[in-house]
Amino acid sequence: MTLKETFLQPLFKGNPITVLVLGICSSLAVTVTLKGALVMALSVTVVCGLSNLVLSLLRKGIPNRVRIIVQLVVVAMLVILVDQILKSIEVTFPIDKQLSVYIGLIITNCIVMGRIEAFALGSKPLPSLVDGLANGFGYGMILLIVAFFRELFGSGTLFGLQVMPAGYITNNLVILPPFALILIGCIIWVHRSVDKELQEK
Amino acid sequence: MNTNNNIYTVVYTAIIVVVVAGILAFVASKLGPAQQANAKAETLRQMMSAAGIKSTDEIYATRNADILQLYADNIQEAYTIGLDGEKNGELGITKDNIQLVDRFKPQDRAIKDGGNATLPVYVFKSGKIVIPVYGAGLWGPVWGYVAFEADRYTIAGVYFDHEGETPGLGAKIKDEPWFREKFAGKTVEWGDTPAFRLEKNAEASGAANAVDAITGATMTSKGLNEALNVWFAAYEKHMGNAAFFSMLENHAINAEED
């Protein structure tokens, strides 16, 4: 696979959310506002890219029996670093507070561990980095689409700015997590009707 | 090299763990001051929002450095009290040395189990007095600041926050201005049990110390109600006496006017 294919695969044909159905829990939890979704998407992209890179560099020396534990240590370290950095910047501090445990829970995001196991442990560092970043983008793209609809129709705002006419009554169904599942279902439906290859027989 | 060898495995994991711990310790020590500054500014925002120094939106649009200045300009004095209601410490109020008591968990334990408490009292130049409350919500801690008028029993304003209450339900204690606004003008009946009531249909009773709980957020409301009453009870000795005299004074004035 060329680097370009490695990059494009997770965005569409191998999208972690709509095709692999990984990372669903966090995409329900953090898509109430676009700001939260954007910070979450960037955090996952950084963690996924760097963990792929680091573990690809370490891949020949990792003792096979403690492979998963070594991966967890590296991923956990990166997640804590991201969390600490978000907390120390004035602009991202309130968003980190709003995301609360979900930044920490990136450790358990199946996409991160999934890409390390499936890609980084068997590939050179550069393609691994590209694969990790691309999976983060693929995940973030869906997150932003879902958050766009949820913030617009739920709270009547976009990035915190009022766009719906004054007096718009907030829609609780859209604000609560189950609606994200309905939206993701719709995205999967559209994706599969456009790309016929993804349809199971 | 055989990477499945026992000794290799142990040495390898040990080195990885030490390296990771080193990196984390280094970063935590480098970023610590910036994080504390952010947390302190957040606490000041919540306090000044409760005390009505400026509107909540304005306060949240103000940058950290200006928030410190705003606090220093508006604070009269800040001190801590023990469970006996007596003053047991001073808190710095100049811009470069703003001291806060913002770790509530140990204080909450001291209130419940008895012990050495240092409960903060913030007196603003406007005469308003701000005290914190803290308790358990549905998913994590809930806390907040209650600002009293100079009479020490009329609530001037409140600000509540939480760690992870359900968005759209329990999170309304923070997100919904109408909920906060309901508290303004209510009173706390020092010495009564309960001193304040945040309960279902409480407003229907017409009592001055009652606010309706939030529909759909029963556990969060219950937790906040307990937080208010437990902390009010701890402040009663300090606030209650002064409130009693100012209440007498108000009644006397009213009687004269009649």
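Helices (H or I, at least four residues) and strands (E, at least two) are DSSP runs, numbered from the N terminus. The structure is a predicted model, in which local features need pLDDT of at least 70 and side-chain atom pairs count only at pLDDT 80 or more, while totals for chains, interfaces and linings use all residues. Residues are numbered from 1 along each chain as its sequence is written, and chains are lettered from A and ligands numbered from 1 in the order in which they are written.

Chain B contains seven helices and 10 strands. Its C-alpha atoms fill a box of roughly 100 × 40 × 40 Å along the principal axes. A residue is taken as buried if 20 or more other C-beta atoms, placed from the backbone, lie within 10 Å of its own, as exposed if 12 or fewer do, and as partly exposed in between. Of the 258 residues of chain B, 32% count as buried. Two residues are in contact if their C-beta atoms, placed from the backbone, lie within 7 Å. Among contacts in chain B between residues at least 6 apart in sequence, 55% join residues at least 24 apart.

The peptide bond from Thr193(B) to Pro194(B) is cis, with omega near -10 degrees. Pro194(B) lies in the loop that runs between helix H6 (177-181) and strand E9 (197-199) of chain B. Arg152(B), although not a glycine, has a positive phi of about 70 degrees, and its place is in the loop between strand E7 (141-148) and strand E8 (155-162) of chain B. Arg152(B) is buried, because 21 other C-beta atoms lie within 10 Å. Asn201(B), also not a glycine, has a positive phi of about 55 degrees and is found in the loop between E9 and strand E10 (210-212) of chain B. Asn201(B) is exposed, because 9 other C-beta atoms lie within 10 Å.

Between the chains, 22 residues of chain B are in contact with 23 residues of chain A. Helix H1 (residues 6-51) of chain B gives the most to the side of chain B that touches chain A, with 15 residues.

Helix H4 (residues 67-88) of chain A and H1(B) pack at an angle of about 10 degrees, with their axes 8 Å apart. Axes are lines fitted to C-alpha atoms, for helices over the stretch in contact, and angles run from 0 to 180 degrees between N-to-C directions. H4(A) and H1(B) are therefore roughly parallel to each other, where angles under 35 degrees count as roughly parallel, over 145 as roughly antiparallel, 65 to 115 as roughly perpendicular and the rest as oblique.
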